[in-house]
Number of protein chains: 2
Amino acid sequence: MHDDPIPGTELFRNLNPEKQEKVFQAAVDEFASKGYRSASMNSLVRAAGISKGSLFQYFHAKEDLFAAVVDMAAARVKRYLKRVRDETAELTFFERLEWLMRAGFAFIDNHPLLAKIYFHLLQSGEAPFGSERIAELRRQGEGFLADLVRSAQRRGELRESLDTERISFLLNSLLETLLRAYYTEFLAPGLGLYRGDADSLDRWVRTTLDLIRNGLEER
Amino acid sequence: MHDDPIPGTELFRNLNPEKQEKVFQAAVDEFASKGYRSASMNSLVRAAGISKGSLFQYFHAKEDLFAAVVDMAAARVKRYLKRVRDETAELTFFERLEWLMRAGFAFIDNHPLLAKIYFHLLQSGEAPFGSERIAELRRQGEGFLADLVRSAQRRGELRESLDTERISFLLNSLLETLLRAYYTEFLAPGLGLYRGDADSLDRWVRTTLDLIRNGLEER
DNA sequence: AGATAGAATGACCACTTGGTCATAACTGCC
DNA sequence: GGCAGTTATGACCAAGTGGTCATTCTATCT
């Protein structure tokens, strides 16, 4: 369906797809559960059931393998953002935000490991490549939100006076926290967000949207 | 002024204060710049100018040393929260929030390394002890915000219908992101928050408070 | 069956890790 | 000075790291 370009050395790209998949999936598992630094090529190799020599013939270095995994995660996220944007073009700003949140939860349900890698990178900055790449990923997410805000302003749904860029950053921060807490145990202890069921997520979505829409002040 | 209890073994507690300070400061430096896992006792020992044997006589394990550093950071944060609460008791909710944010920036200016350790722990969960300790630190911060919200509700400043706990979580998320981005380069690329000057912080404070107070909807 | 090219292997390398412990150095007391 | 008790030291340990490469295996073609 989505022909992602195959990463790695020519040798790896010529491998039969099942073996490619097995190796790549083992890498995703390893990086998702331990992060870049603590991920171990030895344990990866053990899990994938191949020899260390082979792995290093498929990817020249740990760094390259991680970059390939991140590329894939980022591409998936981008596709999901694009889909939300296109499918909600006719809706109001707050309806679009709601869609975005629910699609985010669904994305985590469908790709829990990729989501973990993606958000972990965004939050920790722990990566072999420079932080420029990370900043770029952030801009991608916030730029998407900024587009939503601007087009809502044009339609008169949001106040014209808003500081679009800063507001997008703050919105992004709210959504990111929510999504991270959905799969991270200690982020929202006792608040029913971690692995929450549909009802619980519903309340979170409503509460968050209400804050963003109306603020807290009594009037 | 604040007599924090001295951590470590009896031997360490009997050391002359300058040496205590030298060792502890080296630990703070190391954990702040590398996080728990990647912090190296070898490099710490080098920086402190003592032998490895001595360090392990002062603290039995890396884990103990880290716990001592975290205890100190958490105690400082707690004191700073208490101070804000007491000194702003007469102000309105939004004035108090503003104080809280500005005091947060000042805290980072005064204790950049401790702040880094504290927030890194809260965000990454990377610690030798269980996540219960981390959850407890989170509850401390969010509980503080929840108190502010509730007392403002009693005074009629905020809507009664608010979901206090969830709102506190969201507010905490906003403030935490802002403070983290103040000392982290890649979190808000190109938005003038990282190491921002007084004017820039001013805009951020105003924009954030405006969102929290009024929301985004045109009315 | 034999030759050849391509792929798989794991012993091996230099290096780092947290932690130990026999020994050495220093201290105050008689 | 000689002794005793305390503190400092760094060589050493087992385990782990990312990465290499000479060797072996395997599949294909003649």
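Helices (H or I, at least four residues) and strands (E, at least two) are DSSP runs, numbered from the N terminus. The structure described here is a predicted model, in which local features need pLDDT of at least 70 and side-chain atom pairs count only at pLDDT 80 or more, while totals for chains, interfaces and linings use all residues. Residues are numbered from 1 along each chain as its sequence is written, chains are lettered from A and ligands numbered from 1 in the order in which they are written, and side-chain values use heavy atoms, with hydrogens and water left out.

Chain A holds ten helices and zero strands. From the N terminus on, its elements run α-α-α-α-α-α-α-α-α-α. Along the principal axes, the C-alpha atoms of chain A fill a box of roughly 70 × 35 × 30 Å. Of the 219 residues in chain A, 53% are buried. Buried means under 20% relative accessible area, exposed means over 50%, and partly exposed lies in between (1.4 Å probe, protein chains only). Contact means heavy atoms within 4.5 Å. Among contacts in chain A between residues at least 6 apart in sequence, 62% join residues at least 24 apart.

Helix α5 of chain B covers residues 62–87. The expected span of a helix is 1.5 Å times one less than its number of residues. For the 26 residues of α5(B) this gives 38 Å, and the end C-alpha atoms are 38 Å apart, which agrees. Several residues of α5(B) are buried, including B:Phe66, B:Val70, B:Val77 and B:Tyr80. Their cover includes α2 (17–38), α3 (41–48), α4 (52–58), α6 (93–110), α7 (112–124) and α8 (131–154) of chain B.

A:Tyr58 lies in helix α4 (residues 52–58) of chain A. A:Tyr58 counts as buried because its relative accessible area is 4%. A:Tyr58 and A:Leu11 are 47 residues apart in sequence, yet 6.1 Å apart in space, C-alpha to C-alpha. Leaving aside neighbours within four places in sequence, the contacts of A:Tyr58 include A:Phe12, A:Leu15, A:Val23 and A:Ile50. A:Thr208 sits in helix α10 (residues 198–214) of chain A. Its relative accessibility is 0%, so A:Thr208 is buried. The side chain of A:Thr208 reaches the backbone oxygen of A:Trp204 at 2.7 Å. Beyond its neighbours within four places in sequence, A:Thr208 is in contact with A:Met101, A:Leu178 and B:Leu170.

A:Arg195 is found in the loop between α9 (164–183) and α10 of chain A. Its phi is near 50°, a positive value in a residue other than glycine. A:Arg195 is exposed, because its relative accessible area is 65%. In chain B, B:Arg195 lies in the loop between α9 and α10. B:Arg195 has a positive phi of about 55° although it is not a glycine.

Side chains of opposite charge can pair when their charged atoms come close. A salt bridge is a side-chain nitrogen of Lys or Arg within 4 Å of a carboxyl oxygen of Asp or Glu. Over all chains, 34 salt bridges are found. One of them joins A:Glu30 and A:Lys34 (2.8 Å, N to O). Both residues lie in helix α2 (residues 17–38) of chain A, four residues apart, about one turn of the helix. A:Glu30 is buried at 7% relative accessibility, whereas A:Lys34 is partly exposed at 31%. A:Arg83 forms a salt bridge with A:Glu87, the closest N and O atoms being 3.2 Å apart. A:Arg83 and A:Glu87 are four residues apart in helix α5 (residues 62–87) of chain A, so about one helical turn separates them. A:Arg83 is exposed at 55%, and A:Glu87 is partly exposed at 43%.

Chain B and chain A bury about 4,900 Å² between them, 60% of it on carbon and sulfur atoms. Buried area is the accessible area (1.4 Å probe) that two parts lose on being put together, summed over both. B:Arg166, B:Phe186 and B:Leu216 supply 17% of the area that chain B buries against chain A, more than any other three residues. The contact takes 53 residues from chain B and 53 residues from chain A. Six salt bridges run between the two chains. In one of them, the side chains of B:Asp163 and A:Arg203 meet at 2.9 Å, N to O. On the side of chain B that touches chain A, the largest share, twelve residues, comes from α9(B).

How values were computed: A polar contact is a pair of N or O atoms within 3.5 Å; within protein, one must be able to donate a hydrogen and the other to accept it, and residues adjacent in sequence count only if both atoms are side-chain atoms.
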